[in-house]
Structure formats: C-alpha cells, structure tokens
Amino acid sequence: MKKLITMTLVVLGTSMIFSGAVVPASANTDPLNVAGTPTVEKITPGYRRIEIWKIDSRYKYKVVNKHAKTYRISGTKKQTKLKVNHYLKNYKKATWTRKKITQIKHKGKWMMYYYITTKKHHAGGWVKLTDVRVVSPRPSKAHGHFQADFDTWYRGLSQAGRNWYSRNVDGSAASLNPKGEQVPAQF
C-alpha cells in the first residue's frame, strides 16, 4: 500500500510540473509579471578568455608548480572550457617552448596562459604563466631605466593589477615589441 501511494504521488507531482501547474521553488519569477511565469536566470560561464596571440618561441620554460596541469581550450570566448590534457609532474625535467598567449578569467580573476610545447615528449597545452618559469634567455629584473621582462613583471602584479592589465591591453601592435613578444603596458 505504501509503494502504491508513493508511486501515485511521484506520478502526480511530475505530471503537474510538466503541465506547468506547479512552478519549482528554485525558479525566479519577475515581480512585475502578473502571470507568474518563471524567467530564465542568466548563467555566468565558468571561464572567459580574450584573443589568442601567436608569439615568438625563443623563450624556454621549466615547470615550477609540480601540481600544475596543461589544458585544452574549447568553446567560445564568453563560454570557454578548459580540459586537462597533461600533468606537469610527469614532465619535471622537460624544456617547454611557448607558442601562443591569452588571458583567461575565472571567478572574476584574470590570469595569463601560455600555450607551451615540448619536442622531446610531443606534449603541449595551455598552462598558467605562474606555473612555469623562464630559463632561457635569462629573465631580467627591473633596475635603473630598464624594465623587467614580461614574465617577471606579470608575476609581481597583484590580482587588481592583473585585472587592470586585461582591461587595458588588447594585444594590438602597441603592446607587442618588434620581436612579437607581449610587453607590459606603462602605468
């Protein structure tokens, strides 16, 4: 008897929901909408990105963060999806070369990502700039009238500085040097 009552309630409830007689409690309703029809909530995507730029591949990188991963990027700019394709703990001694650069926003925070490859292991993927470090040519720090190289400069930025950078630098020729490398914008 209990099974019959439970099944009847389940069937009755689902039929009422599909017929539109019952609005689920989680649905938003517009207070000015007299009919009370549910409105669709805007879904904020998990990741956003800006343009992808090809850059000079003269820089060589090593893994800094052994827990880091490389990703495959798919989807549109406003609904970008990242899928893990390599774990960098398996490539501790590999030398990586960057090929492309982009910025990706996740939970309101922008981060620079490089597309890196390694010839020896035939692996590649997108990785956060902070998970790898430059080994060749030797990175420069800011001193006197000399500006730090982009990797060193970007690592030193706070999250507010990274967000500012993503809004004000669009990858145009003004933010690329003659070698095709992205350079920090002047404050």
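The model is a predicted one. Helix 3 spans residues 159-168, and its buried residues are Gly161, Arg162, Asn163, Tyr165 and Ser166. In an α-helix, residues three or four places apart point the same way, because there are 3.6 residues a turn. Tyr165 also takes part in an aromatic cluster, together with Trp153 and Tyr154.

The overall layout was examined next. The protein chain holds three helices and eleven strands. Along the sequence these elements follow the pattern α-β-β-β-β-β-β-β-β-β-β-β-α-α. The protein chain has 187 residues, and 30% of them are buried. Contacts between residues at least 6 apart in sequence were also considered; 57% of these join residues at least 24 apart. The accessible surface of the protein chain is about 12,700 Å². Carbon and sulfur atoms account for 57% of that surface.

Nonpolar side chains tend to be buried together in soluble globular proteins. Here, the largest nonpolar core contains 33 residues. Within this core, Trp96, Met112, Tyr114, Phe150 and Tyr154 touch the most other members. At least two core residues come from each of strand 5 (60-63), strand 8, strand 9, strand 10 (123-128), strand 11 (132-136) and helix 2. Strand 9 gives the largest share of the core, with six residues.

Aromatic contacts came next. A pair of aromatic rings is described by the distance of the centres and the angle of the planes. Five aromatic pairs are counted in the model. In one of them, the ring centres of tyrosine 91 and tryptophan 96 are 5.5 Å apart. Their planes meet at 75°, and angles over 60 degrees count as edge-to-face, so this pair is edge-to-face. Tyrosine 91 and tryptophan 96 are both buried. Trp96 is also one of the core residues that touch the most other members.

The charged end of arginine 58 sits over the ring of tyrosine 59, at 4.8 Å from the ring centre. Lysine 100 lies over the face of tyrosine 115, and here the distance to the ring centre is 5.4 Å.

Strand 6 and strand 7 form a hairpin. Strand 6 covers residues 69-75 and strand 7 covers residues 80-87. The two strands pair in the antiparallel sense, over seven bridges. Four residues join strand 6 to strand 7 in the hairpin. Lysine 69 is opposite tyrosine 87 of strand 7. Threonine 70 is opposite histidine 86, also in strand 7. In a regular strand the side chains alternate between the two faces of the sheet.

Lysine 83 lies in strand 7. Its relative accessibility is 54%, and the cut-off for exposed is over 50%, so lysine 83 counts as exposed. Leaving aside residues up to four places away in sequence, lysine 83 touches Thr70, Tyr71 and Arg72. Glycine 125 is 42 residues from lysine 83 along the chain, yet their C-alpha atoms are separated by 9.8 Å.

Two loop residues have a positive phi. Lysine 107 is in the loop between strand 8 and strand 9. Its phi is positive, about 55°, although lysine 107 is not a glycine. Lysine 107 counts as exposed, because its relative accessibility is 72%. Histidine 122 is in the loop between strand 9 and strand 10. Histidine 122 is not a glycine either, and its phi is about 55°. The relative accessible area of histidine 122 is 72%, so this residue is exposed.

Methods. Residues are numbered from 1 along each chain as its sequence is written. This is a predicted model: local features need pLDDT of at least 70, side-chain atom pairs count only at pLDDT 80 or more; totals for chains, interfaces and linings use all residues. Side-chain values use heavy atoms; hydrogens and water are left out. Rings of Phe, Tyr and Trp (its six-membered ring) pair if their centres lie within 6.5 Å; planes under 30 degrees apart count as stacked, over 60 as edge-to-face and the rest as tilted. Buried means under 20% relative accessible area, exposed over 50%, partly exposed in between (1.4 Å probe, protein chains only). A charge sits over a ring if NZ of Lys or CZ of Arg is within 6 Å of the ring centre and within 35 degrees of the ring normal. Two strands pair if DSSP finds at least two bridges between them. Contact means heavy atoms within 4.5 Å. Accessible areas come from the Shrake-Rupley method with a 1.4 Å probe; for residues, only the protein chains shown count as cover. A nonpolar core is a set of buried Ala, Val, Leu, Ile, Met, Phe, Trp, Tyr and Cys residues joined through side-chain atoms within 4.5 Å.
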